[in-house]
Amino acid sequence: MLSTSVTGRATAPDLAGRRALVTGGASGIGRACARRLADAGARVVIVDVHDEAARAVADEIGGVAVAADLSDMAVVDGLDCDVDIVVNNAGFQHVAPLGDFPPETFAKIMRVMVEAPFRLVRRAMPGMSERGWGRVVNVSSVHGLRASPYKAAYVTAKHALEGLSKVIALEGAASGITSNCVNPAYVRTPLVEDQIAHQAAAHDLPPEEVVGQVMLARAAIKQLIEPEDVAEMVAYLCTPQAAMITGASFTIDGGWTAY
Ligand code: NAD
């Protein structure tokens, strides 16, 4: 499994023989993670509510697609969790002031982005422990570390995921299981493209100005992040050299949180 050069430095993660489950792998960051982990040799299971898109990615990378709505806990508990790597990535956004925020949407975001990761990992951990190796990577967000107005559920869910990730790290430590968060700011994906359209209408601005003036206002580097950049960090966390990295959170935010 180890992939090291003669000097002992990391080359690329060698995940041959490993099984990875990537939630939300049909699109955006999850798709980039699925591709990257498959490139590294892992057999990737993509779990996504979008059946057709999930199958297209699975076909491309020689993986498996499982159509599942992660807001339904009976469905979540029926998923095969006998995997070595779990990437908790599925998620969605809803933007509204607190008073208008639909409680049922708040609850759904918590189910998909907090409860499903908890239920998947608690069932994956016994197998990982038996094999003495496991990697849990939680796709959190800069909103796991900072708040923004009008994103009550998303910010709450991502902060909760940060806590869950640290508990997994502590409980998994003795069994070779690490758990970490990656924390991107705005990444060029459909989730963000939807927000650009929404904000353009709300602020009466052209879309390119929304990106510059609204979304990247707090970033030092005024650029959207690419999904592949996030996937690279996820893959790094699966290398042997990352065995001591656990309970941590890694910003990929163009300097947003440096302020
Ligand atoms: P995306 O919309 O491109 O992909 C999200 C995927 O999750 C989709 O394939 C969707 O079908 C799936 N999904 C949503 N609800 C689901 C459900 N109930 N059951 C199963 N699958 C479901 O979005 P993305 O930007 O790639 O987001 C992926 C993750 O990255 C999310 O957790 C998001 O919060 C996080 N993130 C995104 C950004 C960003 O700027 N795009 C920044 C930070 C963190």
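Select the lining of the second largest pocket, which comprises nine nonpolar, five polar and two charged residues. Here Ala, Val, Leu, Ile, Met, Phe, Trp, Tyr, Cys and Pro count as nonpolar, Asp, Glu, Lys and Arg as charged, and the others, Gly among them, as polar. The model is predicted: local features need pLDDT of at least 70, side-chain atom pairs count only at pLDDT 80 or more, and totals for chains, interfaces and linings use all residues. Residues are numbered from 1 along each chain as its sequence is written, and side-chain values use heavy atoms, with hydrogens and water left out.

**Second largest pocket**

The volume of this pocket is about 300 Å³. A pocket is an open set of points on a 1 Å grid over the protein atoms alone, with protein on both sides within 12 Å along at least five of seven lines; lining residues have an atom within 4 Å of a point. Centre the view on Pro149, Lys151, Tyr186, Gln199 and Val214, the closest to the pocket centre of the 16 lining residues. Helix H6 gives the most to this lining, with five residues. Because domain 1 (19-187 + 226-253) and domain 2 (189-224) both give residues to the lining, the pocket lies between them; the domain bounds come from an automatic or database assignment.

**Largest pocket**

Next, select Ala90, Gly91, Phe92, Gln93 and Leu191, the closest to the centre of the largest pocket among its 44 lining residues. This pocket has a volume of about 970 Å³. H6 (190-203) is among the elements that supply at least two lining residues, and H6 gives the most, with six. The lining divides into 22 nonpolar, 16 polar and six charged residues.

**Largest cavity**

Now display Ala185, Tyr186, Met215, Leu216, Ala219, Ile221, Gln223, Ile225, Asp253, Gly254 and Trp256, which line the largest cavity. A cavity is a set of grid points where a 1.4 Å probe fits but cannot get out. The volume is about 60 Å³, and eight of the lining residues are nonpolar, two polar and one charged.

**Nonpolar cores**

Finally, select Leu15, Leu37, Val44, Ile46, Ile85 and Val87, the residues with the most contacts inside the largest nonpolar core, which has 45 residues. Such a core is a set of buried Ala, Val, Leu, Ile, Met, Phe, Trp, Tyr and Cys residues joined through side-chain atoms within 4.5 Å, where buried means under 20% relative accessible area (1.4 Å probe, protein chains only). Helix H1 (residues 28-39) gives the most to this core, with six residues. Apart from this core lies another of 33 residues, including Leu21, Ile109, Val136 and Ala153.

Conventions:
Grid points are joined across faces, edges and corners, and a volume is the space filled by probe spheres set on the points. Buried means under 20% relative accessible area, exposed over 50%, partly exposed in between (1.4 Å probe, protein chains only). Helices (H or I, at least four residues) and strands (E, at least two) are DSSP runs, numbered from the N terminus.
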